[in-house]
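Here is a friendly note to read alongside the model.

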Amino acid sequence: MSRIKLVRRISLSVIVLVVLALVAAGILAISTVRHSFPQQSGQLRIEGLTSTVTVTRDARGIPTITADNSADLFRAQGYVSAQDRFFEMDLRRHVTAGRLAELVGEPGVETDAVIRTMGWRRVAEQELPKLRPETRQYLQAYADGVNAYIHHAESPGEMSLEYTLLARNNPGYRVEDWTPVDSLAWLKAMAWDLRGDYSDELARARLSRRTSVKQISLLYPAYPMDRNLPILSSEDWHPTKAAEQAAAPLPEGLVKPLAQSDGQAAFENTAAAIDAIPALLGKGDDIGSNSWVVSGSRTTTGKPLLANDPHLKLGIPSIWSQVNLQCRTVTPQCPFQVSGFTFSGLPGVVIGHNARIAWGFTNLGPDVTDFYLEQVDGENYLRDGVQKPLESRTETIKVAGGRDVTITVRSTLHGPIMSDVVPGIAEAGDRVVVRGAPQSNRYAVSLAWTALTPNNTADAIFALDTAGNWDQFRKAAAQFAVPSQNLVYADVEGHIGYQAPGLIPVRRASTPGAAPGYWPSPGWDSEWDWRGYVPFDELPHVLDPSDGLIVTANQAVTASSTPFLTSEWDYGFRAQRIRNLLESTPKVSPELMSQIQGDTRNTFAPVLVEHLLGVQVDDFTAQAQRLLTQWDYSQPNDKSRNSAAAAYYNAVWKHLLEYTFDELPPDIAPDGGSRWMVVMEQLLKDPKNDWWDDKTTPGVVETSGEILKRALVDARLDLARKLGKEPVTWRWGRLHELNLEHQVMGGDSVPGVIRQIFNRGGIELGGGNSIVDANAWNASAPGYDVTAGPSMRMVVDLSNLDASRWVNSTGQSGHAMSDHYADQVDAWAANETFPWPFTPAATDKAAEERLTLSPAARP
């Protein structure tokens, strides 16, 4: 089932309950809506506190939490997180535990089955005892704070309006206590959405039956090192050896199975199972980020400047929550003075700065998953010529308003069998017992993924929060197992740095110089197993590069393929644009850092426009084509001529991809991201390539000229219908809108009066795919709506931390109709930021509300 269908089914499950609630109780009364708003001033007594904690909030409701010891600090953070976002936290833990159906009913069953098969929560339970004692204490203190909030409420409806609406469909729902494992399980969701290569590995396997390996390879071109520089130069990083990276041929043992219907069916089933997982952070090319750091020798402040804006799914409330955590006196027992962005349900700060250092993340996108085609015979699978027993367990999924569903999860030594999941669910019918095994065919697909091995990533979060120099930062990064990220660093002493952390599998390659992990592997041959992980000290890193700049925007890390990280980077258009802008000025100011975050130039567009202007078209189409003649290649959302040209260009781009790659299945059709730009650039040099041919016109072989003309003509007609007949009146922002939807209450099938409470829409945005202002849209989907973008923005000034700036994409609160539910949206959309007070004097001056949390009275 597609993600869109899943969302629609979840939304359908709330229609009846919403209508009943409207009729029975007048649920929209302001008093009811505000019933769940938390107390944010005055005094509260909290069970478990050992001393008084102060929580101040600024004009946007962002909390600064000040405590005498670490346990009280994180206990208070748990309480405040629950005040702001408890329904979001509860929804997330149901998703990551494979218990969504308990909250939303039957539409959650398929998602639960896939996540139970991978065992996200089972792995998190194994991780908890492996963590450092201090980390476990912080997680428990946070959970205690969340539970203090839960216990203060007399009913779920007092915690969030969503529970009141859901109660009609799920009247017996009871909120469970929070546990440390609930926090850890979120790291699995984060790692899943931020892993690399899995979708392309599956896509290549699925295409291999209908398309030649040569034509498939054209869809995965080499990274353009000569044009878009990698993160680290050859001077910055010296691997032990260098090798040219090439696309790998099919493993010999897979040629026959991939040509057979049962082998293809296994991969089709696996793709369907993967698609059933909601994208909590984002998906595909939507997942990215910009982050860069500039040395003090190149700044107007004389100290480093660091910028970060992670490109993730945009919904409401935002993925991120802002917080400032302060020990009143910093000691080894209470070492925290840290501020930044975190996830609701997770203690500490994930991205931000402390009193000594700042750090930012972008997705490294390494190949940390492999699919293995397994030869299955009943309850056994083939392994080096010997039949081995499958591991098997039974999982029971409870369904709100329905009968329990039972699934059988099977695994090989590589990992869980993903191809079992969707066929099993399809057999459920009326939701009676589901059997995932055995399959009707002889092949199954298992998943190997680094995050399914218990790790210590949670330790890394607190180590980053308290690191005071480069060495401590690297020790923290060494514990960051999954997801692997590009980490940029700056400190108050003037140093800047880069580190690639994470578990990166060591694999064999099909042939010398070929990219390992490019195709699924034959699971029956142990030669294709992982051979450990790349040692941390061999992962790319640099301190104080000679040019004083480090730019990371998901591009290649180095020109070398040693160590092998992935075969599929972002192709570097954003990264190179950022570098060019930074290098164009003698001194970089904090204001310029923010301006760059909003840059809307499409640096691929000149390549395509040159070809588009060479096509002869009719007069009606030429009216639009002429917009491109004086276009500066920016994609603003205003009423300028540039915006009209941007609208037409993107419409042409959408149609061009559709007509060129018409033979691709819909779920792997071009989304318009950076890879497709490089693919198209290569195809434009080969006008008779087979990809240009329209397979729906038998007897006619099209070349690039026919397809370019068709795209120009149909884009003109499309925009005439959408925006009017006069091209000069078109505006990119009118096409390219963001609609912020609530994950449960925001779907189209929910009555409009409810959607109006939870959603915020019609936000016109500039930017686009592979643009620094990365408001992505999917060229293979209807329309041009924004699918993901900068989920937050920050610029850290190491010369004066109180002069740093930040903005969230929505607001601090998860309570619909709260003053802080969407109060940052307008500034975020305009690329404006807010002051980021950090020191006690600055946060005290900014405080507009003050809440004192005191220990509960002893009986």
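**Notes on a strand and a helix pair**

1. Lys313 has Ala788 in β24 as its bridge partner. This is a predicted model, in which local features need pLDDT of at least 70, side-chain atom pairs count only at pLDDT 80 or more, and totals for chains, interfaces and linings use all residues. Residues are numbered from 1 along each chain as its sequence is written, and side-chain values use heavy atoms, without hydrogens and water.

2. Strand β24 (residues 786-790) and β5 pair antiparallel through 3 bridges; pairing requires at least two DSSP bridges between the strands. Strands are DSSP runs of E with at least two residues, helices runs of H or I with at least four, numbered from the N terminus.

3. β5 also pairs with strand β25 (residues 792-797), antiparallel, over 4 bridges, and there Asn308 is opposite Met794.

4. Strand β5 (residues 305-313) is largely enclosed by the rest of the structure, because 8 of its 9 residues are buried (under 20% relative accessible area, 1.4 Å probe, protein chains only).

5. Now the helices: the axes of α22 (residues 641-660) and α23 (residues 674-684) come within 12 Å and cross at roughly 70°. The two helices are therefore roughly perpendicular to each other (65 to 115 degrees).

6. Trp653, Leu656, Leu657 and Thr660 of α22 meet Trp676, Met677, Met680 and Leu683 of α23, with contact meaning heavy atoms within 4.5 Å.

Notes:
Buried means under 20% relative accessible area, exposed over 50%, partly exposed in between (1.4 Å probe, protein chains only). Axes are lines fitted to C-alpha atoms, for helices over the stretch in contact, and angles run from 0 to 180 degrees between N-to-C directions. Angles under 35 degrees count as roughly parallel, over 145 as roughly antiparallel, 65 to 115 as roughly perpendicular and the rest as oblique.
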